[in-house]
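Please keep the structure open while you read.

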Amino acid sequence: MLKILKSGIGKKSDARRAILRSKITERRGEGYVDIIVIVLCIMLFVSLAVKVFPVFIAKNQLDTFATELMREAEIAGCVGSDTSAKANQLKSQIGIDPAISWSRTGNIQLNSEVTVTLTLQHDIGFFNFGSFPITLTSKATGKSEVYWK
């Protein structure tokens with residue numbers, strides 16, 4: 001008889017454990033919360049990307065500006081009116097207005113190196129949370145292709 005009582009108690013406790021286990025592992029309704037959190041994270045990432053990716057585009061434009069300006073100085077063999085005209089043309093074409101500094105000015109002898117450095121301020125403010133200005137810098141180096149007597 002003692003054996004029967006023990007087996008009956010065991011069945012009831014197993015049933016209680018199974019019910020308790022199913023209540024603990026039940027996840028009804030949690031899927032909605034997970035989806036809402038995932039959607040909010042994706043939206044935050046997209047809004048961050050919209051603010052940060054233009055910096056990479058501006059850096060690429062600045063590199064192109066420096067390369068084109070350097071090529072003009074190499075062909076002309078001098079830093080002066082030709083390079084200033086090319087800089088104004090590039091400003092209107094590309095749509096940026098960087099600060100331009102040259103390592104040398106005037107006539108540049110054949111195979112002499114010259115370097116142009118462009119700097120541009122760009123703001124990556126994140127909506128109403130603040131303004132974060134960064135300085136983009138681009139350098140280009142070249143050699144003159146003109147022999148001056």
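1. Cysteine 78 is buried, with a relative accessible area of 14%. Buried means under 20% relative accessible area, exposed means over 50%, and partly exposed lies in between (1.4 Å probe, protein chains only). Cysteine 41 is partly exposed, at 49%. The structure holds 0 disulfides; a disulfide is a pair of cysteine sulfur atoms within 2.5 Å.

2. A word on the source. This is a predicted model, in which local features need pLDDT of at least 70 and side-chain atom pairs count only at pLDDT 80 or more, while totals for chains, interfaces and linings use all residues. Residues are numbered from 1 along each chain as its sequence is written, and side-chain values use heavy atoms, with hydrogens and water left out.

3. Now the overall layout. The protein chain has 3 helices and 5 strands. Their order from the N terminus is α-α-β-α-β-β-β-β. Helices (H or I, at least four residues) and strands (E, at least two) are DSSP runs, numbered from the N terminus. Of the 149 residues, 25% count as buried. The accessible surface comes to about 10,900 Å², and carbon and sulfur atoms account for 61% of that. Accessible areas come from the Shrake-Rupley method with a 1.4 Å probe; for residues, only the protein chains shown count as cover.

4. Which residues does methionine 70 touch, leaving aside its neighbours within four places in sequence? They are Trp102, Val114, Thr115, Val116, Ala140, Thr141 and Gly142. Contact means heavy atoms within 4.5 Å. Methionine 70 sits in helix 2 and is buried, at 3% relative accessible area. Across the protein chain, take the contacts between residues at least 6 apart in sequence: 60% of them join residues at least 24 apart.

5. Helix 2 covers residues 30-76 and includes isoleucine 36. A nonpolar surface patch is formed by Ile35, Ile36, Val39, Leu40 and Met43, with about 500 Å² of accessible area together. Patch members have over 30% relative accessible area and no salt bridge; like charges are joined within 9 Å, nonpolar side chains (Val, Leu, Ile, Met, Phe, Trp, Tyr) within 5 Å.

6. The structure holds 1 aromatic pair. The rings of phenylalanine 53 and phenylalanine 56 have centres 6.5 Å apart and planes at 50°, so the pair is tilted. Rings of Phe, Tyr and Trp (its six-membered ring) pair if their centres lie within 6.5 Å; planes under 30 degrees apart count as stacked, over 60 as edge-to-face and the rest as tilted. Both phenylalanines lie in helix 2, 3 residues apart, about one turn of the helix. Phenylalanine 56 is exposed, at 55%.

7. How many salt bridges does a search of the whole structure find? The count is 4. A salt bridge is a side-chain nitrogen of Lys or Arg within 4 Å of a carboxyl oxygen of Asp or Glu. One joins lysine 59 to aspartate 63, with the closest N and O atoms 3.3 Å apart. These two are 4 residues apart in helix 2, about one helical turn. Another joins aspartate 97 and lysine 91, at 3.1 Å, N to O. Aspartate 97 is exposed, at 56%.

8. Glutamate 145 and arginine 71 also form a salt bridge, at 2.6 Å, N to O. This pair links distant parts of the chain: glutamate 145 is in the segment after strand 5 (133-143), arginine 71 is in helix 2, and they are 74 residues apart. Arg71, Glu74 and Glu145 are linked in a network of salt bridges.
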